[in-house]
Amino acid sequence: MPEAAEIPQHAVDTRYLRELSERILDGYLNSEEEEGIIEKVGRDFEDAAANRHCDCGLDERGEEEVREDSDDEDGWFCSYHATKERYEMHVVLDEARLDIEANPSDFPKAIYEEICERCSFEKNKDLQARAKKKGYLNDQIRTSPPPSPAHPCVSSPFSLHHLPPEILLEIVFLAQAANPHAHLTLSHVDASLRTFINSAPLLWCQIDFLYPLQLIHLYLERSADALLRVTALPPLRHVSSPYYLLTALEQDERIRLRKFMWALRVHRHRILSLHFRYEDLFFYVSEENEILAHDFLWDGSMVKLESLYLELAIWMWRDLKPIPSSYCIKDLGLRGPWTDDYLPLFSTHLKSLIVTDNRVTEFPRISQALQATPHLTSLALRNVAFIGIAEKDGNVLNMDHLKSLSLIRTTESTTEALFRCIVAPNLVSITLHHADMPPTANELTATSQLQLFPLPQPSVRRLDVTACEQLPSFFASAFRTFPCITHLRIGSSNISAKHLLPLAPSPSYQGEPGGIVTACPSLKHLTIDNEFNGFTGVIRLIAFPRLSLGIPLESVTLRGIPVDSVVRNDVLRLQEIIPNLEVEGFDQDIDVYGDIDGRSTSDTSSEGDWASGDEEIVTAFQE
């Protein structure tokens, strides 16, 4: 026999009300008495049972056919969904309880206690059902996408000032990173945002010489007591311009610079970083007070100065006060001819040093300055040529904290002198960008290749070599000197397959069975820029065996290479095993000497995580 369908709970509840009504009316009602509380409660239960509109059960439905729109489930037909709220169980029972409590003496105690107990049960069940429904709706709200507004004008527009102030401040900082004047644009959005920006001193700390003088005063006022980052880089004059025009521009430039420095004079104690460029410091900031620009910088007022970059053609003059020692400068950049007047700026607190455009510098002076900075973490020399190297031959520079060394456009003798004397056990990154400047007299007759560190440097992880036309033996020596590199970049060095061959695994010459040797087994990322000799085949020889040995290359980037059918075939094969492979053909229209103002974008690195220092400057081997 088929299993009987279970009676729904609402049907059970309806039958209970009908049964309870019969028990009260038949068992306790005396027909001779007038209508009292017993009959009222009994009739209310009878009326509620009749109005719950529940026709459940085949025995009640009889032979009636099931309607198409019915709720027929498991053999039951029901229209309980039409029940009004006043006939729900907890409502009916609670109303009866209140009636009984109004006149309890006339009502049977046993029935009263049963109604109270069932009423409490039904109330708890109703509360649980409501809580469950509310939780479901909350889940729907969290998981469902927000409804789109019927019309753009219906929903209130989002405004930045609704955000917490610290979040809004961070957003404006990010905007300023792309556009230093972004806060000025945002201040015109609405009144509240303008009030916030005008009252945030940290947004007004970038002071530039090129700003109108009125705007500079506004920045100084709104920055309040915040530390300042000052840039004073007058435009470079073109030598090809007429003399009278150059003279007029120079006079106007000096007047503007004097006014700029005079506006800053009372705020010097707030200057955190300063980038200053001019021919000299032998002009008066104010004629009335006879303050020299030299004294403006070196009278000790800049007590918060941590970053200083100076570009001067002439540093000192007779009868000028010497530069005082500075123990707060952590980042120092010097561009121009070397002088011993630099030395007070070097201290044990210095962390980063950039020396640029010292075409002919006595090595003992540089060595003396480096001796005073044992805690350097980053050293960059650009366009530097040493003389007097023999005087310091055998000298040792202990730089235990040095992590990054960049030698950009330095001569071979300069590079070798530093490699011979520097001891840096924690060095991580090395950038070598060979010089396009004329060699010194000693180098005109030199025939030996560039000599690197005398001992292996296992701490080095990143090696960047640019414009370094050396024999394959030099690169083999470099791979032995830096055996643990994980990132290798070679650019514009006229390399061939032989230069990279040591990176390919090969059988050991020691006679050991199955012995495989390779240079730089930790190498993961290889970048080749602007090389025109066929070398994609050797990259295959490097990549495939390394994959089988469990030391695969994770990324290979080939930029500025000639692409032909052989290269395309090699690239298709490399795509099978290298997760990140990027190939860019050579652009014939590239401006290979792209320094417009004599300086690259950065003195130590180019775009990307790390690179040679002047990526826009490559040597085009088209001839």
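Helices here are DSSP runs of H or I with at least four residues, strands are runs of E with at least two, and both are numbered from the N terminus; contact means heavy atoms within 4.5 Å; and buried means under 20% relative accessible area, with a 1.4 Å probe and protein chains only. This is a predicted model, in which local features need pLDDT of at least 70 and side-chain atom pairs count only at pLDDT 80 or more, while totals for chains, interfaces and linings use all residues. Residues are numbered from 1 along each chain as its sequence is written, and side-chain values use heavy atoms, with hydrogens and water left out.

Turning to the nonpolar cores, each is a set of buried Ala, Val, Leu, Ile, Met, Phe, Trp, Tyr and Cys residues joined through side-chain atoms within 4.5 Å. The largest has 113 residues, among which F260, F276 and L500 touch the most other members, and helix α10 (residues 243-264) gives the most to this core, with 5 residues. Setting aside neighbours within four places in sequence, L500 is in contact with I490, I495, I528, F535, V538, I539 and I542. A second, separate core of 20 residues includes Y16, F45, V92 and I115.

Technical notes. Buried means under 20% relative accessible area, exposed over 50%, partly exposed in between (1.4 Å probe, protein chains only).
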